[in-house]
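Subject: Structure for your review

Dear colleague,

Please find the structure below, followed by a short account of what was found in it.

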Amino acid sequence: MLPSQPLLHAAVFALTVLQALASDTFIAAVYEHAVILPDATGQPVSPDDALALMNKNMDVLEGAIKEAAQQGAHIIVTPEDGIYGWRFTRETIYPYLEDIPDPSVNWIPCTDPTRFAPAPVQERLSCMARNNSIYVVANIGDKKPCNSSDPGCPSDGRYQYNTDVVFDSEGKLVARYHKYNLFMSETQFNYPKEPEAITFETPFGKFGIFTCFDILFREPAVVLVSELQVDTVLFPTAWMNVLPFLTAVEFHSAWAMGMGVNFLAANTHYTSMSMTGSGIYAPDGARRYYYNMKTEDGHLLIAELASHPRLSPASPPAVNWSSYALRVKRFSPNVRDFRGLVFHDWFTFTELIQPEGNLTICQKDLCCHLSYKMAGKREDEVYVLGVFDGLHVVEGQYYLQICTLLKCQSTDLNTCGQPVETAQTKFEMFSLSGTFGTNYVFPEVLYSGVQLAPGEFEILNDGRLISKTRPTKPIITVTLFGRWYEKD
């Protein structure tokens, strides 16, 4: 006699748990999704039309989830806005929202879909997780009624939240996170009253979750890692790339290294808004990543990670980011220093005139030191050493300290700091450091063609970012991106 479906599922689930418990590693997946967008309209569509659009996207996501599970993945992350897109006002997004309960209710929507208000999206996501014995992470919209006794209640009588949900391999809702740091265009959503620090335990480590713009702020990002000690961060995002420092793959990889955690970043794919760049990152570098501005295809990434990276022998040691730079004797002032704009911030730059040398440049309390040797100085490419120490005030306010070696867009120094994607110059060596006032420094090395450099550079305990390969591949930028949360 063949086993019944419930018994078969229980057996598969038990085997999955035992396999995870027996290993110090797990298989992670992220899916970069080319979202099917709704038609632009000033009027709300019907709930049926909204669900039809969401089902089209979930059809694609379900295919990726099945493939990931077949390849042994324990968890898959899908993007922010991956189920309905972003072309909304507060009114037009409403038909796409569901009431998402607190996970403490112990609910499996797949087996008990009518327990709460109609929730077809949660039901389907739960079934995807349950039927494939995999944790599923998705981004949807939550609606919560409120009344006039609540002084913060919107005039339409409801709160609307940009929300991440996590279903475990049985289909149970185990995490719900309301995005706290909304991007300036997210007027369809409300800010939660308080930041949420959401964690959950699995057989393969402790996980935390937040969304896109949250990564640049202390709450919840730093709280999850530094105070709650998660092993892995889940990161649905709709990230618009901004060279030279905030391209998705370079910054997300750097953040994982700087914070010492695994980082699973799933981006939407929409090249007309520069949205691409997903990855599976470990503290010692990228395991898999994807950046593609040429086609409109989705892409699945799968890689193995340490369940508890802080306990791994490969876990990088603690870094004193200012130790070396504070001991360096400052060289003579650079007579050719000049100012340049990088993503609305005024940097101080000095040109690398010689094919090798030592340079220092300062702004306010931050001094950046560079030792370098080019493999061959080209007359058609200009590089500069730059420094920024100040408050960034566009699309949000946050305090930065940045040291960077970067290629200018052309030989005209006025183009230094503008986006560049290709380069020809290789370096025999580089060593970059700075007198940082923050311990939150994220190391970035970006090669020509927006390619990462996993395993090709090293962070020394004294705060130096140094090259390991000789020569390097052609360089776009080498950066120490400091985030001074306490000064915001």
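Strand E14 (residues 345-351) and strand E17 (residues 383-392) pair in the antiparallel sense over four bridges. Here helices (H or I, at least four residues) and strands (E, at least two) are DSSP runs numbered from the N terminus, and two strands pair if DSSP finds at least two bridges between them. Within this pair, Phe-349 stands opposite Gly-386 in E17.

This is a predicted model, in which local features need pLDDT of at least 70 and side-chain atom pairs count only at pLDDT 80 or more, while totals for chains, interfaces and linings use all residues. Residues are numbered from 1 along each chain as its sequence is written, and side-chain values use heavy atoms, with hydrogens and water left out.

E14 and E17 belong to an open, antiparallel sheet of six strands in the order E13-E14-E17-E18-E23-E20. Its edge strands, E13 (338-342) and E20 (441-447), each pair on one side only.

Helix H5 (residues 248-259) lies across E20 and strand E23 (475-483), at about 140° to E20; axes are lines fitted to C-alpha atoms, for helices over the stretch in contact, and angles run from 0 to 180 degrees between N-to-C directions.

The loop between E20 and strand E21 (457-459) holds Leu-452. Leu-452 counts as buried because its relative accessibility is 10%, buried meaning under 20% relative accessible area (1.4 Å probe, protein chains only). Leaving aside neighbours within four places in sequence, its contacts (heavy atoms within 4.5 Å) include Val-249, Glu-250, Ser-253 and Val-445.

Yours sincerely

Technical notes. Buried means under 20% relative accessible area, exposed over 50%, partly exposed in between (1.4 Å probe, protein chains only).
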